[in-house]
Amino acid sequence: FELTPTPSLLEDDLGRYRLGDLGAVLMELPFAGPLELAERLAEEIEAAGLTPVVAHPERADEVIEAPERARGYAERGWLLQVNASSLLGYHGEDPEETGWLLLEEGLISLVGSDGHRAARPPFLDDAYRAAVGRVGEEAALPLFDGAALQRLGAPPPPWASRDAARLG
(Lines give C-alpha, C1' and ligand atoms only; values in the text may rest on other atoms or scores of the structure.)
Protein backbone atom coordinates (compact mmCIF):
# COMPACT_ATOMS: atom_id res chain seq x y z
CA PHE A 1 0.00 0.00 0.00
CA GLU A 2 0.94 3.63 -0.53
CA LEU A 3 -1.45 5.64 1.57
CA THR A 4 -2.83 8.92 0.33
CA PRO A 5 -3.62 10.98 3.44
CA THR A 6 -7.34 11.21 4.11
CA PRO A 7 -9.18 12.03 7.34
CA SER A 8 -10.70 8.53 7.49
CA LEU A 9 -7.24 6.97 7.75
CA LEU A 10 -6.71 8.80 11.05
CA GLU A 11 -9.36 6.51 12.54
CA ASP A 12 -8.22 3.32 10.78
CA ASP A 13 -6.05 0.46 12.03
CA LEU A 14 -2.84 1.57 10.32
CA GLY A 15 -1.15 -1.74 11.11
CA ARG A 16 -3.12 -3.32 8.30
CA TYR A 17 -1.14 -1.22 5.82
CA ARG A 18 2.28 -2.49 6.93
CA LEU A 19 4.86 -3.14 4.26
CA GLY A 20 4.91 -6.92 4.52
CA ASP A 21 6.66 -7.93 7.72
CA LEU A 22 8.39 -4.58 8.13
CA GLY A 23 7.44 -2.20 10.89
CA ALA A 24 6.64 0.54 8.38
CA VAL A 25 3.83 2.11 6.37
CA LEU A 26 4.37 3.84 3.02
CA MET A 27 2.51 7.11 2.70
CA GLU A 28 2.74 9.90 0.20
CA LEU A 29 2.83 13.64 0.59
CA PRO A 30 0.36 15.59 -1.51
CA PHE A 31 1.93 17.43 -4.42
CA ALA A 32 -0.14 20.57 -3.81
CA GLY A 33 -1.74 22.03 -0.74
CA PRO A 34 -1.00 21.84 2.96
CA LEU A 35 0.93 18.98 4.52
CA GLU A 36 -0.79 19.01 7.92
CA LEU A 37 -3.06 16.03 7.22
CA ALA A 38 -0.08 14.00 5.93
CA GLU A 39 1.90 14.95 9.03
CA ARG A 40 -0.98 13.88 11.28
CA LEU A 41 -1.19 10.57 9.43
CA ALA A 42 2.56 10.02 9.89
CA GLU A 43 2.16 10.76 13.60
CA GLU A 44 -0.65 8.19 13.81
CA ILE A 45 1.57 5.66 12.04
CA GLU A 46 4.21 6.36 14.70
CA ALA A 47 1.63 6.05 17.47
CA ALA A 48 0.79 2.59 16.10
CA GLY A 49 4.43 1.60 16.67
CA LEU A 50 5.36 1.80 13.00
CA THR A 51 7.72 3.98 10.98
CA PRO A 52 6.36 6.26 8.27
CA VAL A 53 8.06 5.93 4.91
CA VAL A 54 7.33 9.27 3.28
CA ALA A 55 7.08 8.94 -0.50
CA HIS A 56 8.26 11.64 -2.91
CA PRO A 57 8.71 14.63 -0.58
CA GLU A 58 10.63 16.34 -3.40
CA ARG A 59 7.40 16.65 -5.38
CA ALA A 60 5.38 18.36 -2.63
CA ASP A 61 5.07 22.10 -3.25
CA GLU A 62 5.50 22.88 0.46
CA VAL A 63 8.77 20.90 0.62
CA ILE A 64 10.00 22.54 -2.59
CA GLU A 65 9.33 25.93 -0.98
CA ALA A 66 10.76 24.94 2.43
CA PRO A 67 13.06 21.88 2.25
CA GLU A 68 13.66 22.13 6.01
CA ARG A 69 10.27 20.46 6.45
CA ALA A 70 11.80 17.27 5.08
CA ARG A 71 14.73 17.70 7.46
CA GLY A 72 12.24 17.72 10.34
CA TYR A 73 10.70 14.47 9.11
CA ALA A 74 14.09 12.78 8.85
CA GLU A 75 15.05 14.01 12.32
CA ARG A 76 11.92 12.35 13.67
CA GLY A 77 13.12 9.04 12.25
CA TRP A 78 10.72 8.95 9.32
CA LEU A 79 12.26 7.43 6.21
CA LEU A 80 12.16 9.64 3.14
CA GLN A 81 11.91 8.03 -0.29
CA VAL A 82 12.68 10.17 -3.32
CA ASN A 83 11.56 9.09 -6.79
CA ALA A 84 14.22 8.03 -9.27
CA SER A 85 12.22 9.83 -11.94
CA SER A 86 12.47 13.09 -9.97
CA LEU A 87 16.25 12.84 -9.76
CA LEU A 88 16.31 12.42 -13.53
CA GLY A 89 14.16 15.50 -14.15
CA TYR A 90 11.00 13.74 -15.36
CA HIS A 91 8.78 15.83 -13.05
CA GLY A 92 10.35 19.20 -13.74
CA GLU A 93 13.21 21.30 -12.49
CA ASP A 94 11.90 22.04 -8.98
CA PRO A 95 11.36 18.40 -7.92
CA GLU A 96 14.70 17.47 -9.47
CA GLU A 97 16.59 20.20 -7.60
CA THR A 98 14.77 19.45 -4.35
CA GLY A 99 15.39 15.72 -4.69
CA TRP A 100 19.11 16.25 -5.16
CA LEU A 101 19.25 18.75 -2.29
CA LEU A 102 17.59 16.27 0.07
CA LEU A 103 19.81 13.43 -1.14
CA GLU A 104 23.04 15.41 -0.90
CA GLU A 105 22.12 16.57 2.61
CA GLY A 106 21.72 12.94 3.66
CA LEU A 107 17.99 13.19 4.37
CA ILE A 108 16.89 10.52 1.89
CA SER A 109 16.83 6.89 3.02
CA LEU A 110 15.56 5.28 -0.17
CA VAL A 111 15.28 5.92 -3.88
CA GLY A 112 12.16 4.29 -5.28
CA SER A 113 10.80 3.69 -8.72
CA ASP A 114 7.25 4.95 -8.11
CA GLY A 115 6.57 2.82 -11.21
CA HIS A 116 2.88 2.13 -10.73
CA ARG A 117 2.19 1.21 -14.33
CA ALA A 118 3.85 0.31 -17.62
CA ALA A 119 3.52 3.90 -18.86
CA ARG A 120 5.71 4.97 -15.92
CA PRO A 121 8.48 2.39 -15.74
CA PRO A 122 11.20 2.33 -13.10
CA PHE A 123 14.31 4.37 -13.80
CA LEU A 124 16.40 3.00 -10.94
CA ASP A 125 19.47 2.09 -13.00
CA ASP A 126 19.74 5.56 -14.52
CA ALA A 127 19.10 7.23 -11.16
CA TYR A 128 21.72 5.01 -9.51
CA ARG A 129 24.32 6.03 -12.08
CA ALA A 130 23.39 9.69 -11.59
CA ALA A 131 23.62 9.35 -7.80
CA VAL A 132 27.02 7.66 -8.02
CA GLY A 133 28.15 10.55 -10.21
CA ARG A 134 26.94 13.13 -7.67
CA VAL A 135 27.71 11.55 -4.27
CA GLY A 136 29.88 8.53 -5.00
CA GLU A 137 29.12 4.83 -4.85
CA GLU A 138 29.55 4.47 -1.09
CA ALA A 139 26.84 7.08 -0.40
CA ALA A 140 24.59 6.06 -3.30
CA LEU A 141 24.46 2.29 -2.85
CA PRO A 142 22.51 2.22 0.47
CA LEU A 143 19.79 4.36 -1.11
CA PHE A 144 19.14 1.70 -3.73
CA ASP A 145 19.95 -1.64 -2.09
CA GLY A 146 17.36 -1.65 0.69
CA ALA A 147 19.87 -1.05 3.49
CA ALA A 148 17.56 1.50 5.13
CA LEU A 149 14.94 -1.20 5.58
CA GLN A 150 17.23 -3.21 7.86
CA ARG A 151 16.46 -0.89 10.75
CA LEU A 152 12.81 -1.86 10.24
CA GLY A 153 13.56 -5.54 10.58
CA ALA A 154 14.37 -6.48 7.00
CA PRO A 155 17.22 -8.93 6.52
CA PRO A 156 20.28 -7.59 4.72
CA PRO A 157 19.97 -7.99 0.97
CA PRO A 158 21.80 -11.12 -0.23
CA TRP A 159 24.40 -9.04 -2.05
CA ALA A 160 25.15 -6.74 0.92
CA SER A 161 28.16 -8.66 2.22
CA ARG A 162 29.65 -8.80 -1.28
CA ASP A 163 29.14 -5.04 -1.74
CA ALA A 164 30.57 -4.26 1.70
CA ALA A 165 33.68 -6.28 0.90
CA ARG A 166 34.02 -4.56 -2.48
CA LEU A 167 33.63 -1.06 -0.99
CA GLY A 168 35.72 -2.10 1.97
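User: What does buried mean here, and how much of the protein counts as buried?
Analyst: Buried means under 20% relative accessible area. In this predicted model, 43% of the 168 residues of the protein count as buried.

User: Which elements does the fold have, and how do they run from the N terminus?
Analyst: There are eight helices and four strands. From the N terminus on, their order is β-α-β-α-α-β-α-α-β-α-α-α. Among contacts between residues at least 6 apart in sequence, 71% join residues at least 24 apart.

User: Which residues have the most contacts inside the largest nonpolar core?
Analyst: Leu 3, Met 27, Leu 29 and Leu 41 have the most contacts inside that core, which has 35 residues. Elements that each supply at least two of its residues include strand S1 (24–28), helix H1 (36–47), strand S3 (79–83) and helix H5 (93–104). The largest share, four residues, comes from H1.

User: What does Leu 29 touch, leaving out residues up to four places away in sequence?
Analyst: Leu 29 touches Leu 35, Ala 38, Val 54, Ala 55, His 56, Pro 57, Ala 60, Val 63 and Tyr 73.

User: What is the phi of His 56?
Analyst: The phi of His 56 is near 40°, a positive value in a residue other than glycine. Most residues other than glycine have a negative phi.

User: Changing topic, what span should H6 have, and how far apart are its end C-alpha atoms?
Analyst: At 1.5 Å a residue, the 12 residues of H6 should span 16 Å, and the end C-alpha atoms are 16 Å apart, so the two values agree. H6 is followed by Gly 136, which has a positive phi near 90°.

User: How much space lies in the largest pocket, and which residues are closest to its centre?
Analyst: About 280 Å³ of space lies in the largest pocket. Of the 19 residues that line this pocket, Leu 26, Gln 81, Val 111, Gly 112 and Ser 113 are the closest to its centre.

User: Which element gives the most to that lining?
Analyst: S4 gives the most, with three residues. S3, S4 (110–112) and H7 each supply at least two residues of the lining.

How values were computed:
Residues numbered from 1 in each chain as written. Predicted model: local features only at pLDDT ≥ 70, side-chain atom pairs only at ≥ 80, totals over all residues. Heavy atoms only, no water. Core = buried A, V, L, I, M, F, W, Y, C linked by side-chain atoms within 4.5 Å. Buried < 20%, exposed > 50% of the residue type's maximum accessible area, 1.4 Å probe, protein only. Contact = heavy atoms within 4.5 Å. Expected span 1.5 Å × (residues − 1). 1 Å grid on protein atoms, 1.4 Å probe; cavity = no way out; pocket = protein on both sides within 12 Å on 5 of 7 lines; lining within 4 Å. Points joined across faces, edges and corners; volume = space filled by probe spheres on them.
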